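Trainee: I'd like to know where the terms in a structure description come from. Could we go through some of them together?

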Amino acid sequence: MRYYINWRAALLLSSILLLMISCGKTPSEDDSDSTEDYTLVKPAFNKSKVLKNPLTGWVMYGSASGDPSYWDTSIYVPDEGASVYVKDYATCAYIRTGWSIFNPSDGVYAWRDPSTALYKMIQGALDRGLPIAFRFVVDGRDQRANTPRFVLDAGAEYGVENTKFPDRTTPLPQDPVFQRYYEKFIAALAEDFDDPSKCAFIDAYGLGKWGEGHTVAYNSTDLGLVDDNTERLKEEVMVWITSLYAKYFKHVPLVINYHRVIGHPTGTGGANANSDKLVSIAVNNGYCLRSDAFGMNSYYGTWEKTCANTYRYKRPIIMEGGWIVSQHSYWNDPAGYRQDHPEDVRKGEFEASREARVNMMDFRVGNETQSWFVNAFSYVKQFVTEGGYRLYPDQVSLPSSVKSGSSVKISSRWRNMGWGYCPNNIPQWNYKYKVAFALLDGTDKPVEVFVDDNCEPSTWVESKPNPYEFNVKVSCAPGNYMWAVAIVDTTKENAPGLLLAVNNESTSDGWVKLLDVKVD
């Protein structure tokens with residue numbers, strides 16, 4: 001039997017079917033704000049609010065021997081015609097000082113003693129909502145006895161660069177006595193600070209002059225000696241110290257300075273052949289990156305820029321400016337900074353930070369912080385707007401009515417409007433931040449939370465849209481609810497973990513409200 005097809009009728013039928021599909025319940029990007037029971041919500045992006053999220057934003061520096069009232073420093077800003085608090089623009093606090101300040105005697109830890117300035121400074125930062133970050137310097141050249149005397153008295157090998165200052169000791173990091181006591185110190189520190197609610201990051205190398213990772217001594221009689229053993233010792237020490245921190249700090253990010261002569265007995269010159277390998281050892285042990293030479297164009301050069309590019313969006317970068325405008329002849333920089341114009345240095349640091357896609361910039365103590373607010377406040381605000389990571393959903397498709405026990409599809413699209421990235425991929429975070437949707441009751445409490453494991457914030461870069469679809473089953477009792485969204489911390493029972501860059505109303509614990517929904 002033959003069948004004859006009426007092609008006009010078939011064409012009409014296919015058109016009707018296509019129309020039915022296009023009018024389905026999940027709207028596309030170009031649809032109107034609602035289609036049947038679904039509504040396309042477009043949260044309003046907030047570009048200027050300081051989002052106090054981890055591993056992004058400005059870092060406020062403090063002294064280990066300071067007064068905690070320092071954290072309340074205010075500065076008159078000519079551009080604003082008013083004074084502002086530095087802490088209002090910072091996401092964490094940073095203390096860089098000698099190991100001996102933290103650990104003056106064997107088994108004695110100053111951060112546990114409420115009578116010490118260090119304890120008061122740390123607690124002062126925490127009381128103001130600023131998690132603390134640290135660097136521990138062990139080298140005494142140009143400073144003081146940064147390694148505790150009890151370590152040297154126990155037999156750790158060390159050298160002195162200038163006999164006029166016999167207390168400015170420099171221990172050898174490969175020495176087993178030094179390593180034994182250093183591990184004891186780090187283990188004790190981790191007991192109290194391997195907690196991301198208290199500690200933002202650990203600047204976890206601290207060797208060499210000022211703890212910057214260069215000019216590391218391996219010979220006690222000649223601190224600058226380079227011989228046939230140098231490269232072996234550099235690698236062995238790098239493996240030891242990065243493995244040590246990774247052993248004890250499981251939840252707090254670790255960082256290391258990337259430097260063309262990292263771990264080397266010298267601090268200047270061309271890139272060492274093994275510098276890339278040493279940085280990769282640290283990264284493979286879970287480290288993030290940092291440089292203390294931003295804006296110094298004779299020091300932060302091709303090697304450093306290449307290193308930053310190599311790990312872009314793989315590891316976050318923390319920036320510190322190299323020039324101290326109140327002390328250094330910054331006008332000799334190849335960039336051509338003008339004398340008596342610290343704003344030139346601030347601009348140079350900002351532009352280098354943007355090129356490297358840094359996540360964090362520095363408010364160092366004294367004139368450095370002052371010049372950011374007095375001479376270059378526009379860059380402070382610009383980094384808030386553009387730097388680090390700034391996440392938000394630019395559209396979410398949700399049903400306005402649901403039957404209890406039914407499945408619904410949630411479509412969302414996410415952007416990161418910052419030039420950095422959300423480092424959810426670092427081992428200490430281990431992808432703990434996830435997009436989640438919730439049904440809130442009349443008291444703003446979530447009665448159901450749906451975590452979307454497919455949304456990955458660490459992949460959102462350069463403001464590109466990242467669309468997702470997520471099927472959920474609604475099981476709550478019939479009633480009126482509110483759809484809400486957050487990026488939750490899965491290690492804290494799916495509580496909101498990151499602040500979103502939106503103007504929408506939020507609950508006190510961080511859920512962003514999206515749409516009323518009725519559950520039948």
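Mentor: Happy to! A pocket is an open set of points with protein on both sides within 12 Å along at least five of seven lines. Lining residues have an atom within 4 Å of a point. Points are joined across faces, edges and corners, and a volume is the space filled by probe spheres set on them.

Trainee: How many cavities of 30 Å³ or more does a search of the whole structure find?

Mentor: Four. Please remember that this is a predicted model, where local features need pLDDT of at least 70 and side-chain atom pairs count only at 80 or more, while totals for chains, interfaces and linings use all residues. Residues are numbered from 1 along each chain as its sequence is written, and side-chain values use heavy atoms, with hydrogens and water left out.

Trainee: What lines the largest cavity?

Mentor: The largest cavity has a volume of about 110 Å³. It is lined by 15 residues, and Leu51, Thr56, Gly57, Val384 and Arg390 are the closest to its centre. Strand 3 and helix 11 (377-386) each give two or more residues to that lining. Helices (H or I, at least four residues) and strands (E, at least two) are DSSP runs numbered from the N terminus; the protein has 11 helices and 23 strands.

Trainee: And how does the lining of the largest pocket divide into nonpolar, polar and charged residues?

Mentor: It has 15 nonpolar, 19 polar and nine charged residues. Ala, Val, Leu, Ile, Met, Phe, Trp, Tyr, Cys and Pro count as nonpolar, Asp, Glu, Lys and Arg as charged, and the others, Gly among them, as polar. This pocket holds about 1100 Å³ of space, and Arg96, Trp210, Glu212, Glu320 and Ile324 lie nearest its centre. Strand 6 gives the largest share of the lining, five residues.

Trainee: Trp210 came up in the largest pocket. Why does Trp210 count as partly exposed?

Mentor: Buried means under 20% relative accessible area, exposed over 50%, and partly exposed in between, with a 1.4 Å probe and protein chains only. Trp210 has 33% relative accessibility, so it counts as partly exposed. It sits in the loop between strand 10 (199-203) and helix 6 (230-248).

Trainee: Why is Glu304 called buried?

Mentor: Its relative accessibility is 1%, so Glu304 counts as buried. Glu304 is found in helix 8 (residues 302-310). A polar atom of its side chain lies 3.1 Å from the backbone nitrogen of Arg260.

Trainee: What makes a pair of atoms a polar contact?

Mentor: It is a pair of N or O atoms within 3.5 Å; within protein, one must be able to donate a hydrogen and the other to accept it, and residues adjacent in sequence count only if both atoms are side-chain atoms. Another example is Asp175, which caps the N-terminal end of helix 5 with a side-chain oxygen 2.9 Å from the backbone nitrogen of Val177.

Trainee: How does the reach of helix 5 compare with the expected span?

Mentor: The expected span is 1.5 Å times one less than the number of residues. Helix 5 (residues 176-193) has 18 residues and reaches 25 Å from its first C-alpha to its last, close to the 26 Å expected. Among its buried residues are Val177, Phe178 and Tyr181.

Terms used. 1 Å grid on protein atoms, 1.4 Å probe; cavity = no way out; pocket = protein on both sides within 12 Å on 5 of 7 lines; lining within 4 Å.
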